[in-house]
Amino acid sequence: MSSPALPQRYLDRIQAHFPELAPRQLEFNQDGLVNDVIIVNGDLVCRFPKHDWALALLRQEARVLDLARHHVTVPVPRFEVLEEDFAAYRFLPGEPLTRTRLFRLPGPVRRAVLSELLTFLRQLHGLPRHEVEAAGIGPSDAERTREDWLAFAEQVEDCLFPLLMRHQRGAFLDLFEPVREGSLDLEYTPRLIHGDLGVYHALLDPHAGRLSGIIDFGTAGLGDPATDLAVLLGNYGETPVTEGLVTYPELGEHLDRARFWLGTLEWQWALTGVAGGRAEFALAHLGGARDVLPIGFPRS
């Protein structure tokens, strides 16, 4: 079962839990920030947290999945093995729901897929808070307060402004002006959110023309519904997403916060990349959608 590219300690853990497994194909994925992933025979997903702080995220993810699977209609992972530093579940097939894949679908199918995605968020966000807390689920790792945002802005100005041109500094200051002056309402009722619904976490069955799964709930927890909306805006653009809000109209009430959240994402990654000396992080949001209106722009 060994491979020179794979840590032997990972392979030993998999073998211990699945002694009858005859591995024919091993795919090792280290792209994630939180986990190393080994996919065995295209069927079994084995995840190993990379950091000590990732252990708590794995425990929270397990609680979220145990609760959410009874309330959402899109398939989600079901852990077969869950230990402090190891989890395994059956592979959910499908292709990442990229913007290109979405827009290559016929119009009615594209709208149906977006409706599925927004229905998933409506079901997730709609879980009563007392049930979420009773399941032992705490705040999402993506939760931010106004004080967090102001501290982040100071970090960007200290670390990134010396590297930027004047118009880039101006764009950042414009983005944060509504927060500093208090005109952007950052208050919200915490809901159970996914927190990281990137195109690689929403899976499309291209033959059936529907979602085949939602994966990676490692950032899920109680948080701002605008966070999930922001990721959709960044993935697919404001026009198709807001048109699809007929499925989940209440989410439109969070649109300005979502626009702000989305506006910060490139800065968050850039700060992480520059401050941590990891250039790949600074490039993480290349290729995202650009169809996003300014804060305060009314919905049509």
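1. Ground rules. Residues are numbered from 1 along each chain as its sequence is written, and side-chain values use heavy atoms, with hydrogens and water left out. Because the model is predicted, local features need pLDDT of at least 70 and side-chain atom pairs count only at pLDDT 80 or more, while totals for chains, interfaces and linings use all residues.

2. The largest core. A nonpolar core here is a set of buried Ala, Val, Leu, Ile, Met, Phe, Trp, Tyr and Cys residues joined through side-chain atoms within 4.5 Å; buried means under 20% relative accessible area, exposed over 50%, and partly exposed in between (1.4 Å probe, protein chains only). The largest such core has 72 residues, and Leu97, Leu117, Phe120, Phe176, Ile214 and Tyr236 touch the most other members. Helix α10 (residues 255–276) gives the most to this core, nine residues; helices (H or I, at least four residues) and strands (E, at least two) are DSSP runs, numbered from the N terminus. Another core lies apart from it, with 13 residues that include Leu6, Ile38, Val40 and Ala88.

3. Tyr236. Leaving out residues up to four places away in sequence, the contacts of Tyr236 (heavy atoms within 4.5 Å) include Leu97, Leu102, Phe103, Val199 and Ala289.

4. Helices α4 and α8. The axes of α4 (residues 107–125) and α8 (residues 225–236) come within 11 Å and cross at roughly 165°; axes are lines fitted to C-alpha atoms, for helices over the stretch in contact, and angles run from 0 to 180 degrees between N-to-C directions. That angle makes α4 roughly antiparallel to α8, a label for angles over 145 degrees. On the α4 side, Leu114, Leu117, Leu118, Leu121 and His125 meet Pro225, Asp228, Leu232 and Tyr236 of α8.

5. Two positive phi angles. Asn41 is not a glycine, yet has a positive phi of about 55°. Asn41 sits in the loop between β2 (35–40) and β3 (44–49) and is buried, at 16% relative accessible area. Asp216, also not a glycine, has a positive phi of about 60°. Asp216 is in the loop between β9 (210–214) and β10 (221–223) and counts as partly exposed at 25% relative accessibility.

6. Asp256. This residue lies in helix α10 and is partly exposed, with a relative accessible area of 26%. Asp256 and Leu186 are 70 residues apart in sequence, and their C-alpha atoms are 9.3 Å apart in space. Not counting residues up to four places away in sequence, Asp256 touches Leu184, Pro294, Ile295, Gly296 and Phe297.

Methods
Parallel < 35°, antiparallel > 145°, perpendicular 65-115°, else oblique.
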